[in-house]
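This report goes through the model shown below, from the relation of its copies down to single residues.

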Protein chains: 2
Amino acid sequence: MPSLEAYSSRLDYAYAPGFFPAMECLLHRPDLVRRVLLHSKAEGTEAADRLCETAERLRVRVEIADRALQRISQKENCFAAAVFAKFDEPLRDDKPHVVLHNPSDCGNVGTILRTSLGFGVEDVALIRPCADAFDPRTVRASMGSLFQLRLRVYDSFEAYRAEHPDHMLYPFMLDSSRSLPDVLAGAIPERWALVFGNEGSGLPKSFAGLGQPVRIPSNDRVDSLNLSIAAAIGIYAFTQRPGGCI
Amino acid sequence: MPSLEAYSSRLDYAYAPGFFPAMECLLHRPDLVRRVLLHSKAEGTEAADRLCETAERLRVRVEIADRALQRISQKENCFAAAVFAKFDEPLRDDKPHVVLHNPSDCGNVGTILRTSLGFGVEDVALIRPCADAFDPRTVRASMGSLFQLRLRVYDSFEAYRAEHPDHMLYPFMLDSSRSLPDVLAGAIPERWALVFGNEGSGLPKSFAGLGQPVRIPSNDRVDSLNLSIAAAIGIYAFTQRPGGCI
C-alpha cells in the first residue's frame, strides 16, 4: 500500500476518524480494514489499548502516524483512524430503504446513516450528485454506522428505481398535500422507500407524481426543517408506527 | 457603537450571519437590530436589495463591511449579517418548554431551536455550562429561528425549576424504562418540558428521579442518537400526537 494521502473521492480507500468510528469499522467490517493509525499522544490510553487489542486479534496492522492523522482530519484533533477499502453493496430488495437525492452536506448524510441504523433501516441509497459517503466528515458524523449498513450510490434516481421497482415510494416534500400522520394512519406496504431531497432545493417537483408524497406537519414559521431532522422524523414515524417495528 | 469585533460571548451584541438569518432578525426583532452589514460583492443582488429595502423601511443602517464580515464568519463565506443586541426573556409559564441541559455544540443548539419553532414550541431554556445561543454558528444553524423564540439561559437546572415548578418534566435518557410511544399513549398534561442532556454524557443519573423519564426506542446497534435528532423526535412526537397540536 502506498503512503497515505489526504482523503479524496478518487481514492479507493477512506478513513474512519476517531476511536469510536475506527472500532466500529474493525468490529463490523474487518474484511475492509487495511490498517489502523494511532497518534503517539494517544499511546497507552484505555481507548488506544482497546483499539490495538482488537486490531491485533483481527491481525490488522497498527501504526503510529501523527502526520497522516493530521492530514486526514485537517483542523480537528484526531488520535486514531481506521483505513478501509470503500464498498458498494446492493440494497436488499425485501427491506425498507432510505433514499437521499442529491444531499450536499457530509454531516447531514452521516447523521442520517446513524439515525437510519438506529431505527433498523439498513439499506440506504444515495443519488448523485451527492456528498461523498466516505468523506471522513461523513464517516465521523455517522459514528461509524455505515459499517453496519448496505450503502449504494446511484448515478440517477432512475438507476435506483430500475434495481428496486416495487418499493412504495414516499417522497418527502414541503408542498405535499398528505401529512405524515395521515399517511401513517393508512396502510403501509412491507416494502417502502422514504425519499429525501437536497438541503436547499428539496426534491424536484416531478417527485410529486411518484408514490405517496408526504409532508411533515411543521408550521410556516420556519422555512423548512434541516434535512437530517426531516429524515429522522420520517424514519422514526415509519418504523415506530403501531405494528411497524422492523 | 464601537467598531465591530470578532464574536465573543463577552459582547452584549451578536451577529446573524447570512441573508436569511439577517432578514429573520429584521422582520421579527427589529427592536434588537443595531445595523446590517453587507459585502461589496453582494451589492445589487436580489437578496441584498431585499435586505436593504427592509432595513431602510425599519430605519436600520446598512454598511458595506467586507472585513467585519470576514472576522465574523471566519472560514465560511458570508455576504451579509445583522448586528443585534443579545436578549434574555422569561419563558411563558403556560406554554410547553424545551430544556437543553449542558449542550456543547452550537450546531446542535441552533438546529434544535429551528425544529422547536417549526413544531410550535416557542420557549427554550438552556442550562449552563452550554454552547452559546448567540454564537454566529448557533444563529446560522437556527436559520434565525431564535428571533421568534423566548430563550433564557440558566445557571443551573434548579434555577430553571424555581421559575417553572409546575411543568411536568420528561427527561430523555437512554436507560429509561418507558419508551416514547408508551409515554404518549398515556395522558400528557398541558404544561410539559422535554429535557435533553449533553451530546456525550447525556443527562445526569439524578434526572431519572424527575417527572417521567423517556427513552427513544432506537435499537442497540448505535451507541445513541445525535442530540439534535433525539430532540427533534421528542418534539415531533409530543406536538403531533393526536390532540397534541399546539
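## Relation of the two copies

Chain B can be superposed on chain A with an RMSD of 0.0 Å, using a turn of 180 degrees and a shift of 0.0 Å along the axis. The two copies are therefore related as by a two-fold rotation axis. The model is a predicted one, and the values in this report are computed from it.

## Contact between the chains

The contact takes 25 residues from chain A and 25 residues from chain B. On the side of chain B that touches chain A, the elements giving two or more residues are α4 (106-118) and α8 (227-240) of chain B. Helix α8(B) supplies the largest share of that side, 6 residues. By residue type, the side of chain B that touches chain A divides into 11 nonpolar, 11 polar and 3 charged residues.

How do the copies meet? Of the interface residues of chain B, 100% are also interface residues in chain A, so the copies meet through the same surface.

## Domains of chain A

Chain A is divided into two parts, domain 1 (13-85) and domain 2 (97-239). Taken over C-alpha atoms, the centres of domain 1 and domain 2 of chain A are separated by 30 Å.

Between these domains, 13 residues of domain 1 of chain A are in contact with 8 residues of domain 2 of chain A. On the domain 1 side of this contact in chain A, the elements that give two or more residues are β1 (13-17), α1 (19-28) and α3 (66-73) of chain A. Helix α1(A) gives the most to that side, with 5 residues. The residues of domain 1 of chain A that make up this side divide into 8 nonpolar, 3 polar and 2 charged.

## The four-stranded sheet of chain B

In chain B, an open sheet of 4 strands has the order β1-β4-β2-β3, with mixed pairing. Strands β1 (13-17) and β3 (62-64) of chain B stand at the edges; each has a single partner strand, so one side of each is left without a neighbour in the sheet. From one strand to the next, the twist averages 25 degrees. Strand β1(B) runs antiparallel to β4 (residues 80-85) of chain B, and 5 bridges join the two. A16(B) has A82(B), in β4(B), as its bridge partner.

Two helices are described against this sheet. Helix α1 (residues 19-28) of chain B packs on the sheet and touches β1, β2 (33-38) and β4 of chain B, with its direction at about 35 degrees to that of β4(B). Helix α3 (residues 66-73) of chain B lies across β1, β2, β3 and β4 of chain B and runs at about 95 degrees to β1(B).

## Backbone exceptions

Most residues other than glycine have a negative phi, and most peptide bonds are trans. The next residues depart from one or the other pattern.

The peptide bond from R128(A) to P129(A) is cis, with omega near -5 degrees. P129(A) has its place in the loop between β6 (123-127) and α5 (136-141) of chain A. In chain B, the bond from R128(B) to P129(B) is cis, with omega near -5 degrees, and P129(B) lies in the loop between β6 (123-127) and α5 (136-141) of chain B.

N102(A) is not a glycine, yet it has a positive phi of about 60 degrees. N102(A) is found in the loop between β5 (97-101) and α4 (106-118) of chain A. Is N102(A) buried or exposed? N102(A) counts as buried because 20 other C-beta atoms lie within 10 Å, and 20 or more is the cut-off. In chain B, N102(B) has a positive phi of about 60 degrees although it is not a glycine. N102(B) sits in the loop between β5 (97-101) and α4 of chain B, and it is buried, with 20 other C-beta atoms within 10 Å.

## An exposed loop glycine

G209(A) lies in the loop between β9 (192-196) and α8 (227-239) of chain A. G209(A) counts as exposed because it has 8 C-beta neighbours inside 10 Å, and the cut-off for exposed is 12 or fewer. G209(A) and P171(A) are 38 residues apart in sequence, and 9.3 Å separate them in space, C-alpha to C-alpha.

Key:
Residues are numbered from 1 along each chain as its sequence is written. Chains are lettered from A and ligands numbered from 1 in the order in which they are written. This is a predicted model: local features need pLDDT of at least 70, side-chain atom pairs count only at pLDDT 80 or more; totals for chains, interfaces and linings use all residues. Two residues are in contact if their C-beta atoms, placed from the backbone, lie within 7 Å. Ala, Val, Leu, Ile, Met, Phe, Trp, Tyr, Cys and Pro count as nonpolar, Asp, Glu, Lys and Arg as charged, and the others, Gly among them, as polar. Domain bounds come from an automatic or database domain assignment. Copies are superposed by least squares on the C-alpha atoms of residues with pLDDT of at least 70 in both. Two strands pair if DSSP finds at least two bridges between them. Axes are lines fitted to C-alpha atoms, for helices over the stretch in contact, and angles run from 0 to 180 degrees between N-to-C directions.
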